[in-house]
Amino acid sequence: MFNKKQNKPEPTPTINKEEITQQIAEEKMQTSTAVVSEEKTNTIIAKDVVFEGNITSNEQVHIYGTVIGNITGKNNTVKIMQNGHVTGNITSNELWVNGKVEGECITETISIDTNGEIYGIIRYSSLSIKKGGIFSGHAEVKSATKSTGNVAVFKEKTKQENSEPHTPEAGAL
């Protein structure tokens, strides 16, 4: 009359320990292998961020917020964006300012854009200030590397000719 369901035990799957061990070893290899990216990276300080400390980077640094500290790099570009503010020293290959910098800037190229302001000491090889840009402080052009080319030789010859006493010939007066 009423059919009762019989509780049949489910078959247990067979486990192959060698397969599981191999899978675990493969997963460990995948997670432990370091992936090195050749892609360049940027350091970005966002608009509402206040960063206190030093930044060292050989890639681009973009400042939208506030940095209280030094920014250092060798072959990098530092960009102080509009409303960005740095209180500290900047050492880089290229500096582009459209915000505000207070401190010493040592770089090959400095560009002060229309909203840019630098207050302090700048040492540079190339400087450009767009209309509206502000610089207040001490500026020093980096000394050019000494050349041993024709110009230096010409200067030495000219010095020697001027240092030799010149006696007028008889009857030249």
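1. Let me start with burial: of the 173 residues in the protein chain, 21% count as buried. Please keep in mind that this is a predicted model. The accessible surface of the chain comes to about 13,700 Å², and carbon and sulfur atoms account for 51% of that area.

2. Next, the overall make-up. The chain has two helices and 13 strands. If you take the contacts between residues at least 6 apart in sequence, 2% of them join residues at least 24 apart. Keep that percentage in mind for the pairs discussed below.

3. Which residues have the most contacts inside the largest nonpolar core? They are I71, I80, I90, L95 and I118, in a core of 19 residues. At least two core residues come from each of strand 4 (61-63), strand 7 (77-80), strand 9 (90-97), strand 10 (100-112) and strand 11 (117-124). Strand 10 is the one that gives the most, with four residues.

4. I118 deserves a look of its own. Leaving aside residues up to four places away in sequence, I118 touches L95, V97, V101, C105, I110, I112, I134, F135 and S136. L95, one of these partners, is also listed with I118 among the residues with the most contacts inside the core.

5. Now turn to V86, which sits in strand 8 (residues 85-87). Is V86 buried or exposed? Its relative accessible area is 0%, so V86 is buried. With residues up to four places away in sequence not counted, V86 touches I63, V67, G69, I71, I80, K100, V101 and E102.

6. Most residues other than glycine have a negative phi. N83 is not a glycine, yet its phi is positive, at about 75°. The residue is found in the loop between strand 7 and strand 8, and it is exposed, with a relative accessible area of 67%.

7. On to charged pairs. Side chains of opposite charge can pair when their charged atoms come close. How many salt bridges does the model have? The count comes to four. One of them joins K142 and E108, whose closest N and O atoms are 3.1 Å apart. This pair links distant parts of the chain, 34 residues apart: K142 is in the loop between strand 13 (134-141) and helix 2 (150-163), and E108 is in strand 10. K142 is partly exposed at 29% relative accessibility, and E108 is partly exposed at 33%.

8. K130 and D113 form another salt bridge, with 3.7 Å between the closest N and O atoms. Because K130 lies in the loop between strand 12 (126-129) and strand 13, and D113 in the loop between strand 10 and strand 11, the pair ties together parts that are 17 residues apart in sequence. D113 is buried, with a relative accessible area of 12%.

9. Finally, R123 and E140 meet in a salt bridge at 3.5 Å, N to O. R123 is in strand 11 and E140 in strand 13, 17 residues apart. Both are partly exposed, R123 at 25% and E140 at 34%. E104 joins R123 and E140 in a network of salt bridges.

Definitions and conventions. Residues numbered from 1 in each chain as written. Predicted model: local features only at pLDDT ≥ 70, side-chain atom pairs only at ≥ 80, totals over all residues. Heavy atoms only, no water. Buried < 20%, exposed > 50% of the residue type's maximum accessible area, 1.4 Å probe, protein only. Contact = heavy atoms within 4.5 Å. Areas by Shrake-Rupley, 256 points an atom, 1.4 Å probe, with all protein chains shown as cover. Core = buried A, V, L, I, M, F, W, Y, C linked by side-chain atoms within 4.5 Å. Salt bridge = Lys/Arg side-chain N within 4 Å of Asp/Glu carboxyl O.
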